[in-house]
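Good morning, everyone, and thank you for making time for this. Please take a moment to look at the sequence and the model before I start talking.

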Amino acid sequence: MQHPPLDYERMITEENADFIQDNVKAISLQNKEPDWMLQARLESFAKFQKLPMPGKKDEEWRKTDISALEYSRFLPSYDGSLMTLEKTPEQFREDHDYWKEEGNVAVAINGTTISRELSLALQEQGVIWCDFATAVVEHNDLVQKYFAKWRTHLEEDKFTSLNHAFWNAGTFLYIPKNVSVELPLCSLRHLESTSAAHFPHTMIILDEGANLCYFEKYSSGESKEQLFIDNLTEIFLEAGANLQYVSLHDFTKNVYNFSYRRAVVAKDANLKWLVGTFGGKVTKSVVSSILEESGAETEMLGISVGDKDQFIDQNTHQIHEAPNTRSDLLFKNAVKQEGYSLYRGTIEIAKHAQKSDAYQTNRNLMLGDKARAESIPALEIIANDVRCSHGASVSQVDPEQIFYLGSRGICREDAIQLIVDGYFDAVIRKISQEKVAKFVQANIRRKVGSLDIV
């Protein structure tokens, strides 16, 4: 069945009669949510109705073509299909086997958690790890406190408002004061349903002095029909907390993926995150670090591998709201023939954020003369006593490197694999957890190995 493409000149609600206020209320009632969450949903729905569809006139969207998104057929909740691990693709089961030996792993399929393992020791220390809907009911005060804090920082657009109104899955994670989690917590989420829009909502909170490595991977199944994902992640680090957050999106080519990740970092806290994008038809990824108090630091890492006919749009924001804060960013992209990668990064330093230190680096490697990559850095600096700089590059694979490796008996495909391995190595080496680093590297090699590089 052919569906009409989305018309930029019309509101989404005119295209899809299921995204209405009555269904916002129905989802909230089904979850048995407190009144404050229902009101928050309704406020976001009102914003969703008022905000225009992003298009060519919006700076951060003007090169992102979503006109082919068949929005009219999506439903606001999951259909409940494919609820067993055995029905998932082989790669997802292999990922699960890789992580289950360590324990502390959660598996969700089509938004429904089918298993979650958290060690008794961590439970006894007060660690909370559950579905976001469960947390809203069972940990009401904690969720409400940080949900309100998030909304004060969020500049909502059409799709963040849509997630806030219709979120129908997600994770809640709380690490208590001074608790250090030695092994990584792992979340594996697989999506198959093409009839429902997927709205995961994740909240991660580290209390004062807490320490954690959190890994998550999203994947999807092959289908001729489009799959739509509108993902929102909010992270809060209290004073002195340390978080290493690694998130991979490995989607099939039928996926439209809009992903928003934003972190609020308090005094002397440190956030290192790595965002990996390996698939999808159209990906819109927004990653923001808000350094809220003095001494806050963030290291923002990104990797992506774009295949033919894929478009990857990455937006980053390093936001310095306090003095003596530090941010360092390194995003590396590799794009195959006819793939398109767009990076847009902004460093914002407020007037009172003196002594801030910020750096932004974006590197792009084109695997073929028809690949496209763009880099658009921006600085918005009001303070006058800062260190701030940026760098960007776009280049082809060096033919002399391929020739040299060929002279040593290495075929072209293996030579390109070695070059790409070295290209991403500077990012991989920054992951302190060896098991996570090996997993990320294996994903890169598998993705590059599947490319038909000429």
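This is a predicted model: local features need pLDDT of at least 70, side-chain atom pairs count only at pLDDT 80 or more; totals for chains, interfaces and linings use all residues.

Let me begin with the open sheet of 10 strands, whose order is β2-β1-β5-β7-β9-β11-β13-β15-β17-β19 and whose pairing is mixed. At its edges stand β2, residues 112-116, and β19, residues 387-396, and each has a single partner strand, so one side of each is left without a neighbour in the sheet. From one strand to the next, the twist averages 10°. If you look towards the β19 end, strand β17, residues 357-367, runs parallel to β19 and is joined to it by 10 bridges, and there you will find T361 opposite G391 in β19.

Helix α10, which spans residues 412-428, lies across β11, β13, β15 and β17, and runs at about 165° to β15.

Now to the other open sheet, in which nine strands follow the order β3-β4-β6-β8-β10-β12-β14-β16-β18, again with mixed pairing. Its edge strands are β3, residues 128-131, and β18, residues 372-381, each of which pairs on one side only. Direction ignored, neighbouring strands of this sheet are turned by 5° against each other on average. Within it, β14 and β16 pair in the parallel sense over 10 bridges, and H317 has T346 in β16 as its bridge partner. Helix α8, residues 158-166, lies across β6, β8 and β10, running at about 85° to β8.

Turning to side chains, the structure holds 25 aromatic pairs. One of them joins F45 and F48, whose ring centres are 5.8 Å apart and whose planes stand at 40°, so the pair counts as tilted. Both residues lie in helix α3, three residues apart, which is about one turn of the helix.

Finally, which residues lie closest to the centre of the second largest pocket? This pocket has a volume of about 410 Å³, and of the 20 residues that line it, the closest to its centre are S220, E222, D250, F251 and T252. The largest share of the lining, four residues, comes from α11, while α4, β7 and α11 each supply at least two. By class, the lining has four nonpolar, eight polar and eight charged residues.

Note on methods
Residues are numbered from 1 along each chain as its sequence is written. Side-chain values use heavy atoms; hydrogens and water are left out. On a 1 Å grid over the protein atoms alone, a cavity is a set of points where a 1.4 Å probe fits but cannot get out, and a pocket is an open set with protein on both sides within 12 Å along at least five of seven lines; lining residues have an atom within 4 Å of a point. Grid points are joined across faces, edges and corners, and a volume is the space filled by probe spheres set on the points. Ala, Val, Leu, Ile, Met, Phe, Trp, Tyr, Cys and Pro count as nonpolar, Asp, Glu, Lys and Arg as charged, and the others, Gly among them, as polar. Two strands pair if DSSP finds at least two bridges between them. Axes are lines fitted to C-alpha atoms, for helices over the stretch in contact, and angles run from 0 to 180 degrees between N-to-C directions. Contact means heavy atoms within 4.5 Å. Rings of Phe, Tyr and Trp (its six-membered ring) pair if their centres lie within 6.5 Å; planes under 30 degrees apart count as stacked, over 60 as edge-to-face and the rest as tilted.
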